[in-house]
Structures are given as C-alpha cells and as structure tokens.
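Please look through the structure shown here, which the paragraphs that follow take up one region at a time.

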Amino acid sequence: MHANHSKILILDFGSQVTQLIARRVREAGVFSEVFPYDVSDEFLRGYGAAGIILSGGPASVTEGDTPRAPAAVFELGVPVLGICYGMQTMAAQLGGRVENGAVREFGYAELRARGHTALLNGINDFVTSEGHGMLKVWMSHGDKVLDMPPGFKLMASTDNCPIAGMADEDRRFYALQFHPEVTHTLQGKAILTRFVHEICGCKSDWNMPDYIAEAVEAIRAQVGKEEVILGLSGGVDSSVAAALIHRAIGDQLTCVFVDHGLLRLNEGKMVMDMFAKNLGVKVIQVDASEQFMGKLAGVTDPEAKRKIIGAEFVEVFQREAGRLTNARWLAQGTIYPDVIESAGKGKKGAHTIKSHHNVGGLPETLNLKLLEPLRELFKDEVRELGVALGLPHDMVYRHPFPGPGLGVRILGEVKREYADLLRRADAIFIEELRNTAIPLPAELAEGREVGYFHKNWYDATSQAFAVFLPVKSVGVMGDGRTYEYVVALRAVQTQDFMTAHWAHLPHDLLGRVSNRIINEVRGINRVVYDISGKPPATIEWE
C-alpha cells in the first residue's frame with residue numbers, strides 16, 4: 001500500500017515516547033512505522049526505508065544482555081539517527097565507548113551545537129555572546145558516550161555531557177543524546193524535519209486527503225464483494241472507520257449502534273442523523289438501556305461496572321451480528337498506537353503500557369475476518385481523515401469519551417435517574433465551554449504572528465466532563481429548603497494523557513455553568529470543580 005511513499009523506519013528500544021518520533025516524522029509529511037529493535041536483517045533489507053531512527057529505551061548499553069540494533073542498520077547505506085539509547089548503542093556497536101554517567105541528566109538542558117553538521121547547522125534557540133548556537137533541549141539519560149567511534153566528530157555538548165551529539169557525515173550517521181521528539185525540545189521538529197527531508201531525501205507525500213484514495217482501494221481489494229459489520233459507538237475512531245469503509249463499499253457495510261443508556265445527551269439521535277440520514281449508511285440502532293440498567297443495579301465497584309458493560313455489549317452485538325448472516329468481516333476502529341503497544345508486548349526492553357484491544361472484547365466465536373482500516377493512523381491523523389471524509393469538525397474533534405460511557409462518571413451504583421441528571425449537566429458544561437471565547441493574545445491583536453491559538457475553552461481543554469456524586473447536600477431556593485445531588489466538573493489540559501494539569505477556567509465561566517446547572521437541572525443543587533492533576537489523580541474519577 002505504501003510502495004510509492006518515502007518511508008522512515010523507527011526501531012523501538014522500549015522508550016515510552018517512541019510513538020512521538022513517528023508522529024513528528026508524519027507531521028513532516030513523511031510516512032513512518034515503528035517496529036521492535038530485534039527485526040531481522042532480511043526484514044531491514046527488504047523494507048525499503050529512506051532512513052532509520054533508533055529510539056531511546058530504559059536499558060543500559062553497559063550491561064551485557066541489552067538490546068542492540070541489527071547489524072544491517074549500519075550496512076544498508078541509508079542515513080541513521082540514534083536518539084538517547086539509540087545513540088549509545090550506535091556508539092558501542094561501531095567501536096566507541098559508553099559509561100555510566102556520574103551525573104545523570106533528566107529534564108531541561110542547554111546544549112551547544114558544534115561542528116556545523118548538516119543536521120544542526122543554523123538551527124538554534126539563541127546565540128551566546130561568544131557566538132555559539134545554543135539549543136533548549138530535554139534530556140533523560142544516565143549513561144553517556146565517553147569515546148566516539150572512529151569516523152565520528154563532535155556535534156553537540158552540554159556541561160554535564162561533553163558528547164551530547166555526534167556525526168559521521170560520510171556515512172550519514174547522526175546521534176543525539178537529547179530527545180528531539182518531545183515538545184520540551186523547542187527545535188526538535190525542525191531537527192527531525194531536516195533529517196527526513198534534507199538528509200534522507202524524503203518527499204512530503206503523506207497526508208490524509210490523498211490517503212483516502214489509497215485506503216479505499218485497499219479496502220475494496222481486501223473485502224471484495226463480501227459484507228462487513230461494524231460496532232458503531234459514536235466515538236471518533238469507529239465513526240471515521242464507518243465513513244471510510246462506506247466510501248469504499250457502500251451498502252456492503254452494516255453498522256450496529258448499541259444504546260446502553262449511558263450516552264451523552266442526544267448522542268443516539270446525532271449518530272443516526274449523521275450516518276443513516278446524511279451519509280446513507282445502513283445502521284441498526286438497538287435500545288438496550290433496560291438490559292444494561294438491570295445488570296448494573298446494585299453494583300458499585302468501578303471495575304465490576306466496566307466488566308458488566310463490556311460483557312453486555314458483547315452479548316447485544318453478538319445477537320445482532322447473528323442476524324446478519326451474510327457478513328464475513330468485522331470492522332474495528334483499531335488505531336496505530338494500539339498496534340505499536342501490542343508489538344512491544346513480550347519484547348525485551350519494551351515497557352508495554354497496554355495490549356492491543358478489540359472493540360468491546362468481541363469474541364472469536366463470531367467467526368468473522370478482521371478489517372481494521374485505521375490501524376496505520378495516529379489519533380490526530382484519524383481526526384484529519386474524518387474531516388477529509390466530510391464528517392463535521394465538531395464531531396471529529398470531540399473530547400475522548402470512555403467506552404463504558406456515563407457508567408464510570410456516575411460514582412457508585414448506576415441508575416437511570418442519575419444518568420438523566422448527569423447527561424443534562426454535562427451538556428450545559430460543554431455548551432458553555434464551546435460558547436466562551438478566549439480573548440485574542442496581544443501579539444495577534446497587533447497583527448504579530450503567534451503559535452496555534454485556541455478560540456474557545458472547549459478547544460483549549462483536552463477533556464472536560466461532569467461527574468455525578470451519589471451524595472445529597474442541603475440548599476435553599478427561594479424560601480424553600482432543598483436536599484439534592486452534587487455534580488463535579490472536570491477539565492484538564494494535556495498532550496499525551498499520561499500526565500495532565502487541571503484547566504484554569506475563568507471564574508465567571510465556572511459561575512455561569514454552576515448557575516445554569518442548578519437552575520435548569522432539577523435535582524442538583526451544588527456544583528464543585530475538580531482541581532486535581534494527573535498524577536496523583538486520574539483524569540476520569542473511576
């Protein structure tokens with residue numbers, strides 16, 4: 001499928017930020033893939049990479065039985081970039097020396113670029129009074145290169161790390177001790193862009209509008225004339241998968257939309273209007289709310305609730321799938337991070353976060369072949385693809401919503417009454433976030449260029465929602481005493497969802513949301529705001 005694209009191969013040594021390397025390369029318009037570090041020499045020779053990047057990792061090169069790059073990496077004649085551990089293994093394998101550093105570097109560092117190499121020449125954050133170009137970078141290492149391999153020259157250094165970058169420009173081998181893939185390294189994007197375009201010679205030929213034609217052709221070739229069934233949740237991944245598959249095979253696709261009674265306000269109608277009415281997709285809507293609520297009655301443990309919701313979804317979906325006797329394929333919204341994390345499972349040096357998942361944990365007893373049209377895309381690419389396919393921007397760029405829905409945003413037992421109150425409160429919160437503009441920065445108002453600017457508070461937050469608390473508090477409305485429920489508002493800002501900061505929403509916005517919820521949602525008389533970060537808290541309450 002990608003024979004006509006320039007390709008960068010990333011070998012993963014177990015870093016938790018390896019995915020960011022691939023994302024930055026793709027943001028530069030170049031296709032990239034991540035594979036475990038121990039792929040075979042034969043694989044490397046047949047892959048056709050224009051360049052190879054060696055990721056960071058948690059191991060130490062100074063220990064004997066730790067990961068090394070395949071020998072073919074340095075024999076193919078293509079440019080190679082080693083990052084952190086990738087630099088250290090490059091040094092060790094090519095005749096240099098690595099040692100345990102007496103002083104470790106974690107976090108911000110100022111680095112001097114030396115030697116005017118093709119990778120760093122002219123890229124800097126500031127220039128010292130002596131005329132030295134300096135970079136503001138992010139370090140995360142204990143070991144360091146003590147002696148460079150033959151043929152290498154010094155490319156960068158910090159006070160604590162004399163060899164923080166090295167290059168053999170005859171062979172086009174470059175290595176960086178810092179992490180250019182993280183946003184904390186301010187010129188990281190420029191460095192990786194230069195590597196893939198100027199050093200590797202890659203074309204900017206990877207974008208979502210052009211990808212549609214390739215994906216449609218691939219789906220048609222894979223499915224042929226057979227029929228496909230897809231579990232449509234209303235979330236971004238399943239929605240974009242449905243739109244793409246429908247573009248490819250039309251009425252050969254049937255979607256099953258299960259309403260478990262724990263969706264957001266009017267979500268069922270929105271899904272049916274968008275797919276069934278506007279896009280002409282065949283959608284079977286199943287109202288299973290009574291079944292789900294019955295199974296959840298009396299259950300308070302969060303994990304138990306998740307398992308019940310997952311099991312009931314499987315039961316409902318399997319029942320409906322059994323009625324579609326001509327279906328031969330099960331489509332899922334699997335995306336590339338799932339594939340990467342699954343590939344790391346069981347690999348030495350890889351610290352796996354989670355294993356590859358099936359939507360709802362659907363059982364193999366369905367006897368259907370698997371169709372995963374988004375499995376090569378990151379989340380931001382899925383969103384871009386959705387817009388290119390004609391899905392509404394507001395839907396494609398909605399905040400994440402948990403699979404169990406409101407079931408894990410209602411603390412304790414789930415009741416229909418609680419879900420009805422919560423979905424109305426949540427809708428008010430989201431509406432006010434969308435409708436509250438953020439003042440223009442002074443630079444933009446004066447016509448000066450600034451970075452990306454969020455126009456409203458919904459776009460400025462990564463995830464925002466209301467949580468139902470199963471407690472009552474005393475209140476007063478008019479001359480009467482009330483004794484009603486409490487909701488908590490949660491809004492966070494994050495880039496990777498592994499850590500998050502609570503959003504500093506304006507007090508007048510919070511006050512307006514609270515006033516509307518208390519006045520418009522009969523049964524709630526108190527609203528609180530969650531100011532916990534992650535860690536120590538999680539983003540969701542359950």
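Gly-234 has a relative accessibility of 0% and therefore counts as buried, a word that here means under 20% relative accessible area, with exposed meaning over 50% and partly exposed lying in between (1.4 Å probe, protein chains only). The model is a predicted one, in which local features need pLDDT of at least 70 and side-chain atom pairs count only at pLDDT 80 or more, while totals for chains, interfaces and linings use all residues. Residues are numbered from 1 along each chain as its sequence is written, and side-chain values use heavy atoms, with hydrogens and water left out.

Gly-234 sits in the loop between strand 11 (227-232) and helix 6 (236-249), where helices (H or I, at least four residues) and strands (E, at least two) are DSSP runs numbered from the N terminus. Apart from its neighbours within four places in sequence, Gly-234 is in contact with Ser-239, Glu-267, Val-271 and Arg-398, contact being defined as heavy atoms within 4.5 Å. When residues up to four places away in sequence are not counted, Asp-237 touches Gly-333, Ile-335, Leu-374, Lys-379 and Val-382.

The next topic is a pair of helices. Two packed helices are described by the angle between their axes and the distance between the axes. The axes of helix 5 (residues 208-223) and helix 11 (residues 379-388) come within 9 Å and cross at roughly 80 degrees, the axes being lines fitted to C-alpha atoms, for helices over the stretch in contact, with angles that run from 0 to 180 degrees between N-to-C directions. Helix 5 is therefore roughly perpendicular to helix 11, on a scale where angles under 35 degrees count as roughly parallel, over 145 as roughly antiparallel, 65 to 115 as roughly perpendicular and the rest as oblique. On the helix 5 side the contact is made by Met-208, Pro-209, Tyr-211 and Ile-212, and on the helix 11 side by Glu-381, Glu-384, Leu-385 and Ala-388. These residues divide into 6 nonpolar, no polar and 2 charged, where Ala, Val, Leu, Ile, Met, Phe, Trp, Tyr, Cys and Pro count as nonpolar, Asp, Glu, Lys and Arg as charged, and the others, Gly among them, as polar.

Helix 3 (residues 85-93) is largely enclosed by the rest of the structure, because 7 of its 9 residues are buried. Those buried residues are Tyr-85, Gly-86, Met-87, Gln-88, Thr-89, Met-90 and Ala-91, and helix 3 is followed by Gly-95, which has a positive phi near 105 degrees.

Which residue's side chain makes a polar contact with the side chain of Arg-171? The residue is Asp-168, with a distance of 2.8 Å, a polar contact being a pair of N or O atoms within 3.5 Å, where within protein one must be able to donate a hydrogen and the other to accept it, and residues adjacent in sequence count only if both atoms are side-chain atoms. Asp-168 lies in strand 9 (residues 165-168) and, at 5% relative accessibility, counts as buried.

His-260, found in the loop between strand 12 (253-259) and helix 7 (267-278), is likewise buried, with a relative accessible area of 7%. A polar atom of the His-260 side chain lies 3.1 Å from the backbone nitrogen of Leu-262, and the C-alpha atoms of His-260 and Phe-313, which are 53 residues apart in sequence, are 8.0 Å apart in space.

Backbone geometry comes last. Most residues other than glycine have a negative phi, and most peptide bonds are trans. His-116, however, has a positive phi near 50 degrees and counts as exposed at 67% relative accessibility, while Arg-172 has a positive phi of about 60 degrees and counts as partly exposed at 32%. A cis peptide bond joins Lys-534 and Pro-535, with omega about -15 degrees, and the peptide bond from Pro-535 to Pro-536 is cis, with omega near 10 degrees.
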